Amino acid sequence: MNKNTTDITLSAYFNDIVIGYYEDEALVKQLGRQLGFDVDMDTFMAVSFQYPSDMNVKPEDRERLTDAAQAVIGLSEINRRITGKQIITCDSGVCVILITHDKAEMRRILDAVKTVAAEEVGRIVSDRRIRVGIGTIEGGIKGIRHTYSNAQDAVKAEIFKKDRVILEYMGMEIYSSINQMVVSFGDRLTRTVLRQLGETEKRVLSQYYKCKEDAALTAEELGMTQEEVRNSLAQVKVNTGLDVNDTEDNFKLHFITIAKKVLENDERIRRNR
C-alpha cells in the first residue's frame with residue numbers, strides 16, 4: 001500500500017496492514033474511506049478458519065474454507081456493501097475481518113458469527129479438524145493488527161479445548177492464564193479442600209457449576225432429588241467451612257473445581273505426549 005495505490009481490494013488492504021506494508025497512516029485512512037468505512041471510527045473483528053498447525057496446507061485446502069468465510073462476511077452490513085475479494089490467507093487457513101460501526105453492533109452479530117461459522121465448518125469435507133478463531137473487537141490501525149493476530153492465537157489454544165470448534169481469543173487467553181497458575185499451584189490448593197469432601201460431594205459440586213449453579217438441573221443431570229443436592233452442598237459447608245450461598249466462598253469453590261479439571265486435563269496431555 002503506497003502513494004501510487006489508487007484501487008485496492010479489502011483483502012489486500014487488510015493484508016498490507018497486518019504485515020505493516022503501508023507508507024503512512026493517512027494513506028490507510030484515505031483508502032479505508034474509499035472502500036466504504038472509517039478506520040478511526042469503525043470497529044473490527046477477525047475470524048479465522050484454520051487447519052491444525054502441523055498440517056501442510058495447500059491451495060485446494062484453503063479453497064474448501066472459502067464458503068464458510070464468505071458466509072461470515074455476509075453477516076456484516078458494511079462488509080456486504082464492499083465489492084471484491086475480502087478473504088486473507090493466513091498460515092494454516094484463511095481469515096476475514098468484519099467491520100461494524102461500533103462495538104455494540106459487533107456484539108449483536110457475534111452470536112450469529114459463531115453459529116454460522118460452526119454450521120459452515122460442519123459442512124466441509126476434510127479428514128483434519130477445522131477450528132474457528134475469533135479475535136478481539138478492536139478499533140484503529142493497531143486494532144486491526146491485534147484482532148488479526150488474536151484470531152490466529154485463539155486457535156493455538158485448542159490444546160485446552162480439544163472438543164471446541166469455535167475458540168474466542170479473550171476466553172482462551174483467560175483460560176491459558178488460569179491454566180498456568182493452576183498447574184504451578186493448583187495441586188496444593190485442590191488437595192487442601194477436596195480431601196475434606198466425599199466422592200458424592202465432589203460429584204455434586206462439579207455438576208452444580210457445570211449447570212450454572214442451578215440445583216434443579218444438577219439434580220436432573222445426576223439422577224438425584226433437589227433435596228439430595230442441597231444436602232450435599234450443605235455437607236460441603238460442614239466439611240470445608242465454605243458455603244456456596246456466600247459470594248466469596250462460592251468463588252473459591254468454583255475456582256477449586258476449575259483447578260481440579262485443569263489438573264486432570266494437564267495430566268491427560270502429559271500422558272499422551
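The exercises below each come with a worked solution.

Before starting, note that this is a predicted model, in which local features need pLDDT of at least 70 and side-chain atom pairs count only at pLDDT 80 or more, while totals for chains, interfaces and linings use all residues. Residues are numbered from 1 along each chain as its sequence is written, and side-chain values use heavy atoms, with hydrogens and water left out.

**Exercise 1. The largest nonpolar core**

Find the residues of the largest nonpolar core that touch the most other members, and the elements that give two or more residues to this core.

*Solution.* Begin with the term: a nonpolar core is a set of buried Ala, Val, Leu, Ile, Met, Phe, Trp, Tyr and Cys residues joined through side-chain atoms within 4.5 Å. Buried stands for under 20% relative accessible area, exposed for over 50%, and partly exposed for what is in between (1.4 Å probe, protein chains only).

Next, pick out the residues. The core has 28 of them, and those touching the most other members are Met 45, Val 47, Phe 49, Val 72, Leu 98, Val 113 and Val 132.

Then turn to the elements, where helices (H or I, at least four residues) and strands (E, at least two) are DSSP runs numbered from the N terminus. Two or more residues come from each of β1 (43-50), α4 (66-73), β3 (93-100), α6 (103-123) and β4 (131-134). Helix α6 supplies the largest share, seven residues.

Finally, look elsewhere: another core, of 25 residues, lies apart from this one and has Val 28, Leu 31, Ile 88 and Ile 99 among its members. As background, nonpolar side chains tend to be buried together in soluble globular proteins.

**Exercise 2. A covered helix**

How many of the residues of helix α1 (residues 10-18) are buried, and what covers them?

*Solution.* Count first: seven of the nine residues in α1 are buried, so the helix is mostly covered. They are Leu 10, Ser 11, Tyr 13, Phe 14, Asp 16, Ile 17 and Val 18.

Now list the cover, using contact in the sense of heavy atoms within 4.5 Å. The covering elements include α2 (25-35), β1, α5, β2 (88-90), β3 and α7 (140-156). Just past the end of α1, check Gly 20, which takes a positive phi of about 75°.

**Exercise 3. Two salt bridges**

Compare where the partners sit in the salt bridges Arg 81 with Glu 77 and Lys 114 with Glu 168.

*Solution.* The criterion is a side-chain nitrogen of Lys or Arg within 4 Å of a carboxyl oxygen of Asp or Glu. The structure holds nine such bridges.

Take Arg 81 and Glu 77, whose closest N and O atoms are 3.2 Å apart. These two residues are four apart in helix α5 (residues 77-81), and therefore about one helical turn separates them. Arg 81 is partly exposed at 49% relative accessible area, and Glu 77 is partly exposed at 41%.

Now take Lys 114 and Glu 168, with 2.7 Å from N to O. This pair links distant parts of the chain, with Lys 114 in helix α6 and Glu 168 in strand β6 (residues 166-168), 54 residues apart. Lys 114 is partly exposed at 24%, and Glu 168 is partly exposed at 28%.

**Exercise 4. Helix against helix**

At what angle do α9 and helix α11 (residues 226-240) pack, and which residues meet?

*Solution.* Axes are lines fitted to C-alpha atoms, for helices over the stretch in contact, and angles run from 0 to 180 degrees between N-to-C directions. The angle is about 110°, and the axes are 9 Å apart. Since 65 to 115 degrees counts as roughly perpendicular, α9 is roughly perpendicular to α11.

On the α9 side you will find Thr 200, Glu 201, Val 204, Leu 205 and Tyr 208, which meet Val 229, Ser 232, Leu 233, Gln 235 and Val 236 of α11.

**Exercise 5. A loop with positive phi**

Describe Lys 212 and Glu 213 in the loop between α9 and α10 (215-222).

*Solution.* Lys 212 has a positive phi of about 55° although it is not a glycine, and this residue is exposed at 75% relative accessible area. For Glu 213, also not a glycine, phi is positive and near 65°; Glu 213 is partly exposed at 35%.

How values were computed
Parallel < 35°, antiparallel > 145°, perpendicular 65-115°, else oblique.
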